Amino acid sequence: VMGITEFGAPQAADGSLISGAGLLARVERGDITESAHLGHLIILGKDGRTILKVGDPNVTIYPRSSLKPLQLLASLRAGFDPDDEALVALAASSHNGEPEHLEGAREILHNIGLDETALDNTPGTPLDPQAAFEWKAQGREAEAIAQNCSGKHAAMLAACVASGWPVAGYRDVEHPLQKLVAATIKELTGDAEPPHITTDGCGAPLFSTSLVGLARAFGRIATAPPGTDEARIAAAMAAHPHMVGGTGRDVTAAMQAVPGLICKDGAEGVYAGALADGTAFAFKVLDGSGRPRPAILARVLELAGVADLPGVDLAAMREIGTVPVLGHGNPVGLVRPAF
């Protein structure tokens with residue numbers, strides 16, 4: 001019959017992501033639930049056993065920028081070795097483009113005899129509003145150095161120089177560095193299935209993982225023996241959370257509030273992290289929204305037991321988890337975790 005459209009079941013390629021999702025958060029306005037965010041979530045105990053799951057933790061996702069600590073591990077293994085541990089944290093970042101972030105990326109490049117023209121990530125402008133205003137006030141347009149992934153790309157270039165690999169084409173999935181990245185991801189996640197491979201927003205190859213595999217990887221980084229590259233990443237991120245995100249970022253605030261925590265946000269509603277004891281988590285908001293992520297993150301950390309850890313700033317944790325719904329600029333509701 002003309003004029004009738006039927007919406008059938010999801011195709012097999014995305015059916016598990018959609019059909020297996022559970023409720024992660026409710027958006028409450030006034031006295032009713034106005035919207036809801038579905039998705040998948042897993043919290044693993046330090047012994048690897050499941051503390052909580054919502055939806056299907058075995059679902060295949062693109063971890064987006066939550067993959068950066070794993071990509072950094074490959075770069076360290078290939079020879080990236082800065083003197084300043086803040087630069088290690090920067091290489092795992094989706095940074096704001098504040099002055100210290102840009103100076104750090106330039107320092108990584110300067111130390112290997114390159115400048116920002118060697119970067120092949122997608123040009124961008126700073127994420128931080130003040131930094132973006134100052135950038136544009138200087139008459140500058142989108143540039144690779146200002147884009148939030150420039151630290152990762154600078155580290156990749158440093159790894160190529162250290163290993164004697166070609167700098168040109170370092171983003172190619174067949175480049176030795178990207179093959180090492182793929183092998184490192186498989187090792188840390190423990191995923192059995194071959195990954196789906198595409199291109200991330202910054203231009204680097206993007207490898208899929210299972211959600212539970214992503215959590216496992218963060219747990220392994222957090223509990224790695226001293227002296228390993230994994231332990232170096234965990235120590236750098238925990239010690240320099242501002243370099244991982246920046247001003248006003250929940251990923252930075254969470255690591256500042258919880259000593260020893262490492263975590264990383266990713267586009268399309270992804271988050272992953274681990275406590276120092278190996279308790280690990282990962283979640284994916286089905287609609288890709290960033291709105292519920294801080295509320296979900298705070299609830300996950302609560303369930304992971306951070307309130308019992310020494311030195312935790314519980315007031316800061318409550319602030320991270322408070323996501324107001326506004327009416328005429330005033331709070332009229334909240335985004336609440338549903339688990």
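## Cysteines, core, strands and salt bridges in a predicted model

Cys160 has a relative accessible area of 0% and is therefore buried. This description concerns a predicted model. The cysteine sulfur nearest to Cys160 belongs to Cys202 and lies 14 Å away, and Cys160 takes part in no disulfide. Cys263 is likewise in no disulfide, with the sulfur of Cys149 as its nearest cysteine sulfur at 17 Å. The relative accessibility of Cys263 is 0%, so this residue counts as buried. Across the whole structure, the search returns zero disulfides.

### Nonpolar core

The largest nonpolar core comprises 96 residues. Within this core, the residues with the most contacts are Leu41, Phe80, Leu261, Phe281, Ile296 and Leu301. Helix H8, residues 211-222, supplies the largest share of the core, namely eight residues. In soluble globular proteins, nonpolar side chains tend to be buried together.

Phe80 may be examined in more detail. Neighbours within four places in sequence being set aside, the contacts of Phe80 include Leu72, Leu87, Val88 and Ile108. Phe80 is also in contact with the alanines Ala91, Ala155, Ala158, Ala159 and Ala162. Ser75 and Arg232 complete the list of contacts for Phe80.

Helix H2 is mostly covered, as nine of its 10 residues are buried. The buried residues in H2 are Lys68, Pro69, Leu70, Gln71, Leu72, Leu73, Ala74, Ser75 and Leu76. After H2 comes Gly79, which has a positive phi near 120°.

Ser94 is placed in the loop between helix H3 (85-90) and helix H4 (99-110). Its relative accessibility of 6% means that Ser94 counts as buried, the limit being under 20%. The side chains of Ser94 and Ser65 are joined by a polar contact of 3.2 Å. With residues up to four places away in sequence left out, Ser94 touches Ser65, Lys68, Leu127, Asn148, Val244, Gly245, Arg249 and Lys264. Lys68, one of these contacts of Ser94, is also among the buried residues of H2.

### Strand pairing

Strand E12 pairs with E1 in the antiparallel sense, over five bridges. In this pairing, Val27 stands opposite Val335 in E12. Strand E11, residues 324-327, also runs antiparallel to E12 and is joined to E12 by four bridges. Here Pro324 is the residue opposite Leu334 in E12. A hairpin is formed by E11 and E12 with two residues between them, and His328 in the turn has a positive phi of about 55°.

### Salt bridges

The count of salt bridges comes to 16.

| Arg336 | Glu28 | 2.6 Å |

Arg336 has a relative accessibility of 40% and counts as partly exposed. Glu28 is partly exposed as well, at a relative accessible area of 22%.

Glu34 is partly exposed, with a relative accessible area of 45%.

Arg77 counts as partly exposed at 33% relative accessibility, and Glu187 counts as partly exposed at 44%. A network of salt bridges links Arg77, Glu187 and Glu230.

Note on methods: Residues numbered from 1 in each chain as written. Predicted model: local features only at pLDDT ≥ 70, side-chain atom pairs only at ≥ 80, totals over all residues. Heavy atoms only, no water. Salt bridge = Lys/Arg side-chain N within 4 Å of Asp/Glu carboxyl O. Buried < 20%, exposed > 50% of the residue type's maximum accessible area, 1.4 Å probe, protein only. Core = buried A, V, L, I, M, F, W, Y, C linked by side-chain atoms within 4.5 Å. Contact = heavy atoms within 4.5 Å. Pairing = 2+ DSSP bridges. Polar contact = N/O pair within 3.5 Å; in protein donor to acceptor, adjacent residues only side chain to side chain. Disulfide = S-S within 2.5 Å.
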